[in-house]
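Biologist: Could you walk me through this structure and tell me what stands behind each label you use?

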Amino acid sequence: MILLIFGIAALVGIWVIGILIDHKLRSLVLISIAGFGLASVTLGISMNQTIVIYLAVTLWGLTFGGAATLLQTAIANAGGDGADVAQSMLVTTWNLAIGGGSVVGAFLLETVGVFSFPWAMFCILLVAYIVVWKVKTPGFTPKHK
């Protein structure tokens, strides 16, 4: 059931991103990171409350569903004429992050336990939020106007 809720929420998130991305890219990235951070903290605080878990996973799906679209749009805008190379670098970085996350997750699971996951995720998201907050351009300025 939880995966179904996550999947439906992700589809809704993709739909919303698709409607708004051309005019609100930076705001959507900030909202997405903040929502994902809120979901992480909520899971960290309320891991034993079923309804809260469902709500947090719904928020997680909403924010994560359109993440790839947000990143691809920002990097294509920033890349300009080199957008193809930038997109390739994004895919490589994304895959390295997945692999690195697996290693870090395994380490945390074995040393600290599963309860560390939401807090580790929150710390990573906080760094991402600060970076996006400080960077005003060029990825957030459409080149195709």
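Modeller: Let's begin with H4, which gives the most to the lining of the largest pocket, with eleven residues. This is a predicted model, where local features need pLDDT of at least 70, side-chain atom pairs count only at pLDDT 80 or more, and totals for chains, interfaces and linings use all residues. Residues are numbered from 1 along each chain as its sequence is written, and side-chain values use heavy atoms, with hydrogens and water left out.

Biologist: Which helices supply at least two residues each to the lining of the largest pocket?

Modeller: They are H1 (2-45), H2 (50-65), H3, H4 and H5 (117-134). Helices here are DSSP runs (H or I, at least four residues), numbered from the N terminus.

Biologist: What is the lining of the largest pocket like by class?

Modeller: It divides into 35 nonpolar, nine polar and no charged residues. Ala, Val, Leu, Ile, Met, Phe, Trp, Tyr, Cys and Pro count as nonpolar, Asp, Glu, Lys and Arg as charged, and the others, Gly among them, as polar. Of the 44 lining residues, Phe36, Phe64, Met121, Ile124 and Leu125 lie nearest the pocket's centre.

Biologist: Why are H3 and H4 called oblique?

Modeller: The axes of H3 (residues 67-79) and H4 (residues 83-111) cross at roughly 140 degrees and come within 8 Å. Angles under 35 degrees count as roughly parallel, over 145 as roughly antiparallel, 65 to 115 as roughly perpendicular and the rest as oblique. H3 and H4 are therefore oblique to each other. Their contact (heavy atoms within 4.5 Å) involves Leu71, Gln72, Ile75, Ala76 and Gly79 of H3 with Ala83, Ala86, Gln87, Leu90 and Trp94 of H4. By class, that makes seven nonpolar, three polar and no charged residues.

Biologist: What makes H1 roughly perpendicular to H3?

Modeller: Their packing angle is about 95 degrees, with the axes 10 Å apart, so H1 counts as roughly perpendicular to H3. On the H1 side are Ile17, Ile21, Leu25, Leu28, Val29 and Ser32, which meet Thr69, Leu70, Thr73, Ala74 and Asn77 in H3. The classes in this contact are seven nonpolar, four polar and no charged.

Biologist: And why is H1 described as roughly parallel to H2?

Modeller: H1 and H2 pack at about 30 degrees, with their axes 5 Å apart, and therefore H1 is roughly parallel to H2. Their contact has 21 nonpolar, eight polar and no charged residues.

Technical notes:
Axes are lines fitted to C-alpha atoms, for helices over the stretch in contact, and angles run from 0 to 180 degrees between N-to-C directions. On a 1 Å grid over the protein atoms alone, a cavity is a set of points where a 1.4 Å probe fits but cannot get out, and a pocket is an open set with protein on both sides within 12 Å along at least five of seven lines; lining residues have an atom within 4 Å of a point.
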